[in-house]
Amino acid sequence: LLCAYGMTWDGRKVLLHLTVGDQESAACWEGFLGDMKARGWEQPLLCLIDGNPGLRKAGRRKFADALVQRCQVHKMRNIINKLPQLVRPTLKKLIYKAFTTRSYKDGISRARTIIADYKESFPAAMKCLEQDLEETLSALKFPLVHCVRIRTTNLLERLFGKGRRRTK
């Protein structure tokens, strides 16, 4: 299933579009976003993505001016998986602080400090953190009230999780 939710300024969640796709390729996502545009949906302010390359590519083509927010939960998992077991809790706390600070500028600064401090010891994890860093912290450009809800794709993950449990 390909699915898009929106959020109004007052925090209400709205189902925008839902369709069956044979895969998560750029072509499928472009068709999905094209259907939304054909129904009158305009340029979003922010597109929250899980890191899927097809969605990223299609989003840039269809909504070039929208900010992109990379899901911080998915990003954190990718980083943590590249770290030795013993340092995971410590670095996870440091990275989480960078992800949840009060300003975009501070988040970028904290993350770059972590990268500089640990690049020699954990190059793969720090490369992962550095990649798409600006997109990972885009939520920090919004008011704190919204920031909490737009930093992850938990809304969709929860919806699909419930669906899987019910169908079992």
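**Salt bridges and cysteines in a predicted model**

Arg 56 is buried, with a relative accessible area of 14%; buried means under 20%, exposed over 50%, and partly exposed in between, using a 1.4 Å probe and protein chains only. This is a predicted model, in which local features need pLDDT of at least 70 and side-chain atom pairs count only at pLDDT 80 or more, while totals for chains, interfaces and linings use all residues. Residues are numbered from 1 along each chain as its sequence is written, and side-chain values use heavy atoms, with hydrogens and water left out.

What does Arg 56 form a salt bridge with? The partner is Asp 132, with the closest N and O atoms 3.5 Å apart. A salt bridge here is a side-chain nitrogen of Lys or Arg within 4 Å of a carboxyl oxygen of Asp or Glu. Arg 56 lies in helix 2 and Asp 132 in the loop between helix 6 and helix 7, so the pair ties together parts 76 residues apart in sequence. Helices are DSSP runs of H or I, at least four residues, numbered from the N terminus. Asp 132 is partly exposed, at 23%. Arg 56, Arg 60, Asp 132 and Glu 135 are linked in a network of salt bridges.

The structure holds 7 salt bridges. Another one joins Glu 30 and Arg 61, at 2.2 Å from N to O. Glu 30 is in helix 1 and Arg 61 in helix 2, 31 residues apart. Arg 61 is exposed, at 52%.

Now the cysteines. There are 0 disulfides, a disulfide being a pair of cysteine sulfur atoms within 2.5 Å. For Cys 28, the nearest cysteine sulfur, that of Cys 3, is 15 Å away.

Methods:
Helix = DSSP H or I, 4+ residues; strand = E, 2+ residues; numbered from the N terminus.
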